[in-house]
Amino acid sequence: MADWPTAGVRTLSRRARILVSAGVGLLVLLILGARLIDTYVGWLWFGALGYRDVYRTILLTRVAEFVVVGLFIGGLLALNLALAYRSRQVFVPLGADDALARYRTVIQQRIRLVGIGVPVAVGVIAGLVAQRDWQTVQLFFNSTGFGIDDPEFGHDIGFYAFELPFYQALLTCGFTAVVLSFLGALVTHYFFGGLRLVGRGAQLSSPAKAHLAVLAGTFVLLLAVEYFFDRYELLFSERSDLFTGATYTDLNAVMPAKIILTAIAVICAIAFFAGAFLRNLALPAIATVLLVLSGILVGGVWPALLQQFSVQPNANEREAQSIQRNIEATRHAYGIADAKVEYINYSGDGRSTPARLADETATVSNIRLLDPSVLEQTFTQLQQRENFYGFPDKLDVDRYRVDGELQDYVVALRELETSSLADNQQSWINQHLRYTHGDGFVAARADRVNNALDEAGGSGEGGYPVFTVSDTTGDGAIPVEQPRIYYGELIDSYVIVGGDPGAPPREYELDGSLYTYTGEGGVSIGNWFDRLVFAAQYGEQNILFNQAIGDDSKVIFRQDPRERVEAVAPWLTIDGDPYPAVVDGRIKWIVDGYTTLKHYPYAQRTVLGETTQDTLPGTPRLPDEEISYIRNSVKATVDAYDGTVTLYATNPDDPVLQAWMNVFPGTVQPASEIGDSLRAHFRYPQDLFKVQRQMLTSYHVEDPQVFFSTNDFWDVPSDPTTDNQVNQPPYYVLAGPPAGDGSARFQLTSALVGLQRQFMASYVSVSSAPRSYGDITVLRLPTDSQTLGPQQVQTRFRSSAEVSQELNLLQAAETNIRFGNLLTLPTGDGTLLYVEPVYVERTNQEASFPQLNRVLVLYGDRVGYAASLNEALNEALGSGGTAPGGQQPPPTGPAPPSTPAPDAQAGPEVRQAVADVAAALQRLREARASGDFTAQGEALTALEDATRRFNSATDAGGAPSPGE
């Protein structure tokens with residue numbers, strides 16, 4: 001072996017080497033030290049919560065992936081660098097302009113550092129990238145079957161959900177290793193003479209030819225494997241703008257092309273290996289040209305020709321089979337199959353009468369007037385109590401049975417809002433030791449206010465919620481055993497509770513007293529080592545030196561309920577709207593978790609973040625990831641006092657959930673552990689419903705030909721109460737069943753309009769009642785009539801002369817007008833009832849907040865606008881209702897007749913009917929005077945019945961009929 005020529009190489013002095021080594025060591029220590037502290041803090045947090053096995057499983061999986069992938073890629077690179085170095089040229093001709101001599105000498109002097117350091121660095125980077133994909137590995141080793149086969153290959157869906165992603169990850173790892181090895185070998189051969197650039201060409205030594213040919217052949221062989229698996233990827237094809245899944249072109253051109261290319265790639269790989277053996281690159285060069293041309297012609301040109309000249313002219317027929325597969329797969333993947341959804345043709349006889357609407361007691365008597373997205377400032381001003389307490393931007397709606405009556409409430413917790421501390425309250429002790437928790441469960445009946453604004457005698461005290469509050473100062477109508485809130489959405493800083501045994505309390509209470517936390521939540525920092533760790537974690541020396549921190553002290557952090565559930569169940573996609581509920585006297589946050597998949601054969605893909613975006617304030621946007629399958633398989637609870645997280649399996653048949661329960665056994669409790677008191681507060685989650693309603697806009701269609709034409713598609717309407725063209729959110733209401741009679745049930749509802757139109761097309765409702773939870777009802781509106789949609793109803797409201805005149809007067813008086821949620825409520829007579837609260841807020845007053853000013857109602861073709869719901873309904877039913885332009889329309893129901901005067905010879909049936917008519921009229925007058933809409937409807941029903949009996953009794957005898 002020849003000695004390499006030496007050139008002047010400047011070396012570092014001993015002192016410089018020590019300084020460089022110390023600097024590098026310090027940098028590594030800082031990086032690793034921070035990482036180790038994070039890991040240890042996580043270990044303590046998961047242990048305190050009872051989920052340390054989850055943390056251990058994730059940690060070990062990531063470490064194993066890091067080691068395996070790092071060793072594989074780094075080891076393969078080291079092997080190829082060594083092979084290239086060992087096969088270097090014995091003698092390398094040098095020219096005067098040989099610029100590589102200097103670098104050869106440097107590498108030669110540090111051959112171990114380069115030969116080991118480079119592969120180690122590459123392996124570490126590769127391992128760090130790979131360990132983030134730990135979920136794919138765990139799902140592969142714990143996969144379950146769906147019991148459903150794909151329609152093309154006959155594989156169980158579990159193959160695509162759990163196995164195919166793992167195989168693709170292995171291929172990616174293999175390609176990365178081979179490419180890096182090829183580049184490393186190429187550079188090594190170049191530095192040590194195996195590759196020489198001569199003129200415009202290059203010369204390779206025989207060992208270099210063999211080495212690089214083997215690596216290139218391995219790459220092509222991996223390419224053949226990729227072509228083979230690409231056939232399965234076609235079932236997720238997005239070639240069509242209309243649907244997801246293999247199209248006619250994919251099945252009849254691209255799929256055969258993948259098989260052909262697989263065979264060609266195998267032949268080309270053999271050619272490369274043969275070229276390595278023969279030390280001749282002619283055969284690999286021919287194989288490369290063949291592979292490239294085949295990819296262009298077979299994989300590109302032929303599918304394009306078939307699509308252009310055969311499929312596009314006959315697309316409705318060619319794509320029918322694929323569309324049918326897409327419809328069936330999408331319905332199953334999103335939980336909207338026929339077994340889950342009931343379609344009802346919604347129509348009536350067109351007779352919208354007060355009596356018929358009065359029969360809708362389950363709906364009309366529960367109409368919600370309070371909008372949870374408007375009233376945050378109202379709750380804050382009236383129930384805040386202290387500046388450092390607060391309420392979230394969007395309040396929540398839930399139902400409670402109080403005094404035997406089921407009613408929906410707007411609810412919220414009076415939380416500690418760290419960001420609201422005044423400047424003189426922001427000392428470290430105040431932020432972390434004194435102000436540690438919120439206090440109180442605040443609720444207001446959603447169907448009423450204290451009194452109508454017009455009835456407040458000009459005091460301006462009307463239109464406010466009727467609160468019931470349970471806190472440490474006393475219980476309201478919804479009693480709570482422990483009203484202190486240590487875990488909530490507004491607490492964004494760690495707090496330290498407890499101290500030495502017997503130490504005086506220091507945590508601020510609502511009534512000004514002091515308190516010491518007694519719950520199980522938090523991580524103990526009773527020993528000096530843990531105090532040192534948390535002092536380093538938060539960069540706060542006071543944790544070490546504050547004398548109030550003692551043996552019983554705990555640090556409470558990660559208080560947000562979404563963040564806690566996401567940490568203990570990282571395999572779930574967390575709903576954006578957790579809500580508090582009082583369950584057996586304890587305040588629990590209820591958090592919905594979704595299992596999702598990106599790869600479900602033929603199922604339509606949607607971007608989760610975009611689909612769930614609407615005008616609701618204060619709800620975190622879900623990740624913008626593509627999904628083709630979703631289930632609400634887990635509901636979690638987070639105790640607001642001690643932070644306990646409990647996961648419940650609400651859809652145990654979900655194969656994705658079953659796989660994750662295999663990964664983390666014992667972490668998800670079976671559905672049998674859900675108590676009735678908890679189940680009574682389960683809401684159908686909004687984000688899931690938004691995804692499902694978006695799918696229903698297209699996938700209510702069953703016929704592929706109709707689907708292809710898209711003329712029966714629907715749209716989600718934009719929110720008419722805002723100027724932004726953003727989807728109208730679905731609304732929780734307590735109302736009767738969407739069709740048919742029945743008691744009131746808590747449900748999530750949404751209107752749908754025609755595709756790129758504003759007229760109503762359908763109404764979707766999903767039940768949250770325990771016995772019918774998850775039942776979806778779709779009311780199809782008649783296609784031969786035009787029912788106003790939300791935007792048109794809002795226009796109708798604003799164009800009413802009375803409404804527009806009063807709104808202009810309010811705006812002139814420096815009043816901000818806020819339209820509340822426009823509720824769409826179906827009635828049994830086939831007529832939709834629309835109700836919208838109108839709030840006002842003074843713009844020139846700093847402490848102003850929204851109050852209910854008016855209620856807008858549309859029933860049939862009449863608008864009602866009044867200070868109370870009853871008055872607005874009365875107007876819409878004909879007693880004072882306004883039609884467009886301010887004209888008084890004729891009444892929709894029969895006008896109240898005068899009391900008939902019976903003939904002197906009339907029989908007892910006639911006299912009784914006359915008496916009943918007189919009694920019903922008197923009841924009707926009294927009901928109208930009192931504004932009692934329910935009593936008015938009952939009186940009208942009695943009046944109609946009495947009138948009918950009078951007509952029947954007098955027809956034979958010629959007696960006068962009522963009203964003559």
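An open sheet of four strands runs in the order β5-β6-β9-β10, with antiparallel pairing. Its edge strands, β5 and β10, each pair on one side only. Neighbouring strands of this sheet are turned by 40 degrees against each other on average, direction ignored. Helix α14 packs on the sheet, touching β6, β9 and β10, and its direction makes about 60 degrees with that of β10.

The model is predicted: local features need pLDDT of at least 70, side-chain atom pairs count only at pLDDT 80 or more, and totals for chains, interfaces and linings use all residues. Residues are numbered from 1 along each chain as its sequence is written, and side-chain values use heavy atoms, with hydrogens and water left out.

Helices (H or I, at least four residues) and strands (E, at least two) are DSSP runs numbered from the N terminus. Strands count as paired if DSSP finds at least two bridges between them. Axes are lines fitted to C-alpha atoms, for helices over the stretch in contact, and angles run from 0 to 180 degrees between N-to-C directions.

| Element | Residues |
|---|---|
| Strand β5 | residues 396-402 |
| Strand β6 | residues 405-413 |
| Strand β9 | residues 441-449 |
| Strand β10 | residues 465-470 |

β5 and β6 pair in the antiparallel sense over seven bridges. The bridge partner of D396 in β6 is V411.

Elsewhere, L833 lies in strand β32 (residues 832-842). L833 has a relative accessible area of 0% and is therefore buried (under 20%; exposed is over 50%, partly exposed in between; 1.4 Å probe, protein chains only). Leaving aside neighbours within four places in sequence, the contacts of L833 (heavy atoms within 4.5 Å) include I367, L823, V857 and L873.
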